[in-house]
Every structure is written in C-alpha cells, then in structure tokens.
Amino acid sequence: MPDPRPHLGEPLALDLLNTRWIENGPQDLLTDVAGLRVWLASASLADRATADEATLAAVLAARTAVYDVVVHGSQDALNEVLAHGRIRRALTESGPADLVEVPEKPWLPAWLAADNLLDLLRAAPDRIRQCAHPECVLFFYDTSKNGTRRWHSMATCGNRTKAARHYARKV
Ligand SMILES: [Zn+2]
C-alpha cells in the first residue's frame with residue numbers, strides 16, 4: 001500500500017504529526033495496524049519495528065506528546081515517552097557511538113520520534129511550524145535560508161492562499 005499522505009519527507013517527529021491531514025475532512029493514517037505499517041515503511045523503520053497494536057499505541061502516544069510540545073508547549077507527555085529509552089555512549093570497533101536502548105520493542109519508533117523532536121528543539125525551535133493555510137494542519141521544519149517559509153507546500157497551500165486573496169480583491 002503506497003503512502004496516501006499529501007506531504008512527506010519532514011524530520012521524523014513532524015512526519016509523525018503529518019499522519020493527520022485534511023482532504024475532504026480530517027484524515028488519519030494511524031487508525032489501524034495497516035496504516036502503521038505504511039508509516040513505518042515511509043519512516044524507514046520497517047526493519048526495526050513490528051506493525052502491531054502495541055507499537056501503534058506507543059506511536060499514537062508519541063504523536064500526542066509531540067503535538068503537545070509543538071502546539072501547547074507542554075513537556076510532560078514527551079518526557080513520559082522518552083522515559084522508555086535512553087542513549088548509551090560506547091566505544092565500538094568503528095569508534096565512539098551513541099547506542100539507542102529501548103528495552104520494550106514496541107516503544108522504539110515512538111522513542112525515536114520523541115528524540116528527534118529534541119534534536120529539532122536543540123537546533124532551531126522557531127523553525128518548527130504549522131502550515132499557515134487555515135484549512136491545513138500539516139507541519140514542516142523550515143530549512144529555507146531566511147527562515148520565512150509559511151506553507152507546507154508553495155504549490156498547494158501557498159497558491160491557494162494567493163488565489164483566495166486575488167479573488168477577494170476582485171469582489
Ligand atoms: Zn499546507
């Protein structure tokens with residue numbers, strides 16, 4: 001099954017938020033294990049996780065937690081997800097390494113998404129944005145040079161915003 005979502009390719013934490021979108025009403029990829037399987041494949045996690053009910057529950061908890069941080073600025077739920085794993089530093093044959101340790105396997109994708117949000121917050125929290133179009137709920141990480149990106153996609157939301165303004169002026 002191909003990924004039906006309109007916007008792919010954001011960092012893992014925001015890609016998880018983008019499992020919800022609006023297209024003739026609210027859509028949600030993560031309503032069942034089949035949708036989870038699609039998401040795991042898109043996120044390149046299919047070989048590190050199993051698409052089952054336990055993993056789905058953990059991933060949904062992580063999605064709510066990431067949303068709570070990005071939209072409401074609250075940390076508790078994210079910390080609960082992060083408590084399921086840790087990074088262990090070690091020296092390996094290929095040199096120093098940060099080893100991800102998540103003892104309960106169903107929590108791995110959820111933990112990785114929560115950990116990715118920490119990376120984004122460390123790098124540039126102000127570049128975590130929700131699309132400015134009022135009928136779009138997608139998120140993106142603004143990697144543009146001047147950091148003024150407003151839409152998840154210029155081709156869709158950017159243009160329909162401009163078109164709406166154009167027609168508004170004419171009336
Ligand atoms: Zn949009």
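Helices (H or I, at least four residues) and strands (E, at least two) are taken as DSSP runs and numbered from the N terminus. The structure is a predicted model, in which local features require pLDDT of at least 70 and side-chain atom pairs count only at pLDDT 80 or more, whereas totals for chains, interfaces and linings use all residues. Residues are numbered from 1 along each chain as its sequence is written, and side-chain values use heavy atoms, with hydrogens and water left out.

On this basis the protein contains 6 helices and 6 strands, which follow one another from the N terminus in the order α-β-β-α-α-α-β-β-α-β-β-α. The C-alpha trace spans about 65 × 35 × 30 Å along its principal axes. Of the 171 residues in the protein, 42% are buried, where buried denotes a relative accessible area under 20%, exposed a value over 50%, and partly exposed a value in between (1.4 Å probe, protein chains only). Contacts are defined by heavy atoms within 4.5 Å; among those in the protein that link residues at least 6 apart in sequence, 46% join residues at least 24 apart.

The protein exposes about 9,800 Å², of which carbon and sulfur atoms supply 53%; accessible areas come from the Shrake-Rupley method with a 1.4 Å probe, and for residues only the protein chains shown count as cover. There are 20 positive and 21 negative side chains, and the centres of the two sets are 11 Å apart. In this count Lys and Arg are positive and Asp and Glu negative, while His and the chain ends are not counted, and each charge is placed at NZ of Lys, CZ of Arg, CG of Asp or CD of Glu.

In soluble globular proteins, nonpolar side chains tend to be buried together. A nonpolar core is here a set of buried Ala, Val, Leu, Ile, Met, Phe, Trp, Tyr and Cys residues joined through side-chain atoms within 4.5 Å. The largest such core has 46 residues, and those that touch the most other members are Leu36, Trp39 and Leu78. At least two residues of this core are supplied by each of α1 (12-17), α2 (33-42), α3 (53-72), α4 (76-82), α5 (108-123) and β6 (139-141), with the largest share, 8 residues, coming from α5. When neighbours within four places in sequence are left aside, Leu78 is in contact with Ala65, Val66, Val69, Ala114, Leu117 and Leu118.

Asp115 is located in helix α5 and is buried, with a relative accessible area of 17%. Residues up to four places away in sequence not being counted, Asp115 touches Leu82 and Ile87. Asn79 is 36 residues from Asp115 along the chain, and the C-alpha atoms of the two are separated by 9.9 Å.

In helix α2, the buried residues are Val33, Gly35, Leu36, Val38, Trp39 and Leu40, and their cover includes α1, α3 and α5. Arg37, also placed in α2, is partly exposed, with a relative accessible area of 48%; its C-alpha atom is separated by 9.3 Å from that of Ala49, 12 residues apart along the chain. Ser44 follows α2 and is found in the loop between α2 and α3, where it counts as exposed at 57% relative accessibility.

Most residues other than glycine have a negative phi, and most peptide bonds are trans. Ser44, a residue other than glycine, has a positive phi near 55 degrees. Asn24, likewise not a glycine, has a positive phi of about 55 degrees; Asn24 is placed in the loop between β1 (20-22) and β2 (26-28) and counts as exposed, at 84% relative accessibility.

Apart from neighbours within four places in sequence, His152 is in contact with His7, Cys131, Cys136, Leu138, Phe140 and Cys157. The structure holds 0 disulfides, a disulfide being a pair of cysteine sulfur atoms within 2.5 Å.
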